[in-house]
Amino acid sequence: MANVKLSELSKYYGKNLAVDNISVEIMEGEFFSLLGPSGCGKSTTLRMIAGFEETEIGSIEIDGVDVSGLLPEQREIGFVFQNYAIFPHMNVYDNIAFGLRLRKLSANEIDSRVRAALEQVGMTGFENRYQKEMSGGQQQRVALARVLVTEPRILLLDEPLSALDKNLREEMKFWIKDLQSSLGITTIYVTHDQGEALTMSDRIAVMNEGRIAQIGTPEEIYEHPTDRFVTEFIGESNILRAKVAAVSDTGCELDIDGQTVSAPVRDGILVSADTILALRPERVLVGEKADKEGWNSFELPIKKVTYQGPFVRFLFALGTQELIAEVANRQDMEKPDPGTKAWVSWQSDSGRIIAE
Amino acid sequence: MATNPTPARRKRREAAVPLVIRSLAGLTLLILLAPMVIVILAGLNSGDHLSFPPEGLSFRWIIAFLNSDIFLPAYGFSLVVALITMVFSTILGTTISIFLVRTRFVGREFMRAFFMSPLMLPGIVLGLALYLFYISSGIGLIRTIPGLIVGHILVTCPYVIGTVSAALVGFDTSLEEAARSLGAGRLQTFRKITLPVIAPGIVAGSVFSFIVSFGQFDVSLFLTPPNSTPLPMALYISLRYTFEPTAAAAGIFAIFLVVVSMLITAKLTNLKRLANVNFS
């Protein structure tokens with residue numbers, strides 16, 4: 001088990017800056033995710049930690065020792081690839097024994113450790129299978145067993161679920177997380193899927209254009225995104241253009257296309273300045289008037305109602321803009337028709353004024 | 001209600017490959033096989049002259065081949081040259097492929113074309129060029145066995161480069177990274193991961209180079225040492241003056257050698273596949 005410290009890490013590909021000055025410390029036993037769209041530098045960062053890409057600018061420390069000059073084979077890191085990289089010419093047993101044989105352990109020790117690893121990932125009985133004879137999920141388990149059996153200091157996972165189908169992905173998500181917490185191994189997980197990151201991580205770094213946009217727990221990232229990129233990338237948000245009408249210590253009043261709305265205050269906002277209000281669709285209630293302190297509540301015309309299974313999505317006209325509301329699909333819910341008007345309400349501090 | 005299975009059902013029975021293509025394939029196969037059948041029958045002829053159809057079947061000319069002081073040594077010489085050529089071509093072709101596939105530099109495509117050019121050049125031109133080069137450079141390779149083998153390597157190497165490059169292009173480099181990360185050094189990774197995975201490409205390339213070298217005529221024409229004659233040349237020389245069925249008998253042995261080497265490759269690759277299935 002180990003902690004990992006990235007300091008002022010950058011990576012150029014030719015003139016392209018793939019990773020831009022990243023500094024972060026990952027705690028011992030932590031499940032840490034790098035989350036971002038493709039090309040944001042998350043995989044490059046992971047591959048630099050593993051030693052597959054050279055570190056030219058900045059440093060990578062594991063347990064306080066700079067490893068940036070070490071070869072991959074010297075780093076004692078477990079890496080699970082997106083395509084699992086099971087050696088096709090070896091059976092499962094030999095795949096898992098590969099790292100142990102390099103360490104020149106006795107045949108007995110290798111055998112007992114391989115069998116223990118197979119049991120740990122629930123693949124006992126698959127010793128003689130080859131890569132072509134296994135499903136994606138099974139290969140995934142073998143790939144994990146192959147790295148865990150060598151007792152690496154840290155575990156790096158590069159989009160390990162993206163090649164699986166949806167149901168299996170859900171299952172593996174919880175399985176990997178459980179395995180990780182029972183082993184207590186420091187894990188860095190790269191994904192573009194916010195659902196995976198939110199479900200599995202202790203902390204998440206949201207990356208964009210080579211930089212870390214925000215670091216925090218899943219809850220902090222989801223509830224308190226600090227900028228427009230994170231707001232839009234994590235979950236869905238209404239992004240409403242507004243003008244600041246009044247500011248007080250406790251909150252502010254915004255004018256959204258003529259509709260006055262109250263929102264929590266943000267440092268540095270000035271009256272009559274243009275700003276943006278972000279609001280999660282699931283925070284908007286539909287059909288009931290909330291005549292309470294600290295709530296916004298008004299009637300808006302419905303443009304569209306979409307049935308989406310677990311929830312129903314409403315599209316309202318808010319001046320020239322649109323307001324989306326997502327309501328849990330209950331049997332007793334009202335489903336007003338498009339063209340009519342309905343009450344929308346949200347707690348004013350669930351809205352968020354964000355920087356561009 | 002009457003069931004009418006005709007139109008829809010009949011369509012299902014349609015062959016995966018249309019009849020035209022199947023007939024063309026069959027015809028091609030026939031054209032390719034016919035000469036071989038003719039050579040084999042001619043070699044088993046009991047008559048005195050090379051003729052087809054044979055006058056009767058006998059092992060007369062097979063025995064003559066085995067006792068011949070021209071064809072048998074020529075056969076052995078070609079075999080040795082082909083084996084040495086195969087070893088060098090395989091090693092050189094594999095390293096060249098790795099270099100060409102794995103490195104990025106300006107002029108890489110030009111270099112690949114350059115390495116493959118012996119395939120495009122007529123053998124006679126290549127042979128003549130090498131001959132002139134040996135003479136003018138005075139490096140002592142004129143009409144020597146090493147000089148001949150160098151020529152054969154030039155001609156056969158592109159086959160290895162072709163098959164090994166194809167294997168390398170499809171090779172997933174994350175396999176190597178996985179091995180490195182598990183603690184294997186560069187050379188260990190190459191030996192234990194890269195080499196076994198691209199092995200079918202290497203084997204295919206070496207079998208090609210063996211067969212091409214064994215049947216090589218035009219390059220050999222210029223480079224063959226005075227006292228040893230490769231089989232294709234021995235056949236040609238013999239048929240210019242006599243019309244003996246021994247040549248056809250030698251042909252039988254040449255065909256046999258090629259078929260055996262093909263079978264060995266097929267067996268090697270098949271065994272691997274069989275192993276994969278059997279242990280499951």
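How many residues of domain 1 of chain A are in contact with domain 2 of chain A? Four residues of domain 1 of chain A contact five residues of domain 2 of chain A, two residues being in contact if their C-beta atoms, placed from the backbone, lie within 7 Å. By class, the side of domain 1 of chain A that touches domain 2 of chain A comprises no nonpolar, one polar and three charged residues. Here Ala, Val, Leu, Ile, Met, Phe, Trp, Tyr, Cys and Pro count as nonpolar, Asp, Glu, Lys and Arg as charged, and the others, Gly among them, as polar. The model is predicted, and local features need pLDDT of at least 70, side-chain atom pairs count only at pLDDT 80 or more, and totals for chains, interfaces and linings use all residues. Residues are numbered from 1 along each chain as its sequence is written, while chains are lettered from A and ligands numbered from 1 in the order in which they are written.

The domain assignment of chain A gives domain 1 (4-232) and domain 2 (236-354); such bounds come from an automatic or database domain assignment. The C-alpha centres of domain 1 of chain A and domain 2 of chain A are 39 Å apart. Along its principal axes, the C-alpha trace of chain A spans about 75 × 50 × 35 Å. Chain A contains eight helices and 20 strands; helices (H or I, at least four residues) and strands (E, at least two) are DSSP runs, numbered from the N terminus. Of the 356 residues in chain A, 39% are buried. A residue is buried if 20 or more other C-beta atoms lie within 10 Å of its own, exposed if 12 or fewer, and partly exposed in between, with C-beta atoms placed from the backbone. Among contacts in chain A with a separation of 6 or more, 65% are between residues 24 or more positions apart.

Between the chains, 23 residues of chain A are in contact with 17 residues of chain B. On the side of chain A that touches chain B, the elements that give two or more residues are β6 (77-80) and α2 (92-102) of chain A. The most comes from α2(A), with three residues. By class, this side of chain A has 12 nonpolar, six polar and five charged residues.

The largest nonpolar core has 75 residues. A nonpolar core is a set of buried Ala, Val, Leu, Ile, Met, Phe, Trp, Tyr and Cys residues joined through C-beta atoms within 7 Å. The residues with the most contacts inside this core are Ile49(A), Ile96(A), Ala143(A), Ala145(A), Leu156(A), Ile188(A) and Val206(A). Helix α4 (residues 136-148) of chain A gives the most to the core, with six residues. With neighbours within four places in sequence left aside, Ala145(A) is in contact with Ile96(A), Ala117(A), Leu118(A), Gln120(A), Val121(A) and Met123(A). Apart from this core lies another, of 45 residues, including Phe77(B), Val155(B), Ile161(B) and Phe208(B).

Two loop residues of chain A were examined for backbone geometry. Most residues other than glycine have a negative phi. The phi of Asp63(A), however, is positive, near 50 degrees. Asp63(A) lies in the loop between β4 (57-62) and β5 (65-66) of chain A and is partly exposed, because 14 other C-beta atoms lie within 10 Å. Glu159(A) also has a positive phi, near 45 degrees, and sits in the loop between β7 (154-158) and α5 (166-183) of chain A. Glu159(A) is buried, because 20 other C-beta atoms lie within 10 Å.

In chain B, seven of the eight residues of helix α8 (residues 174-181) are buried, so this helix is largely enclosed by the rest of the structure. The buried residues of α8(B) are Leu175(B), Glu176(B), Glu177(B), Ala178(B), Ala179(B), Arg180(B) and Ser181(B). Their cover includes α1 (42-50) and β6 of chain A together with α9 of chain B. After α8(B) comes Gly183(B), with a positive phi near 115 degrees.

Helix α9 (residues 186-214) of chain B spans only 36 Å between its end C-alpha atoms, whereas a straight helix of 29 residues would span 42 Å at 1.5 Å a residue. The expected span is 1.5 Å times one less than the number of residues. A kink of about 55 degrees lies at Ala199(B) in α9(B), shortly before the proline Pro200(B); the bend at a residue is the angle between axes fitted to the seven residues ending there and the seven starting there.
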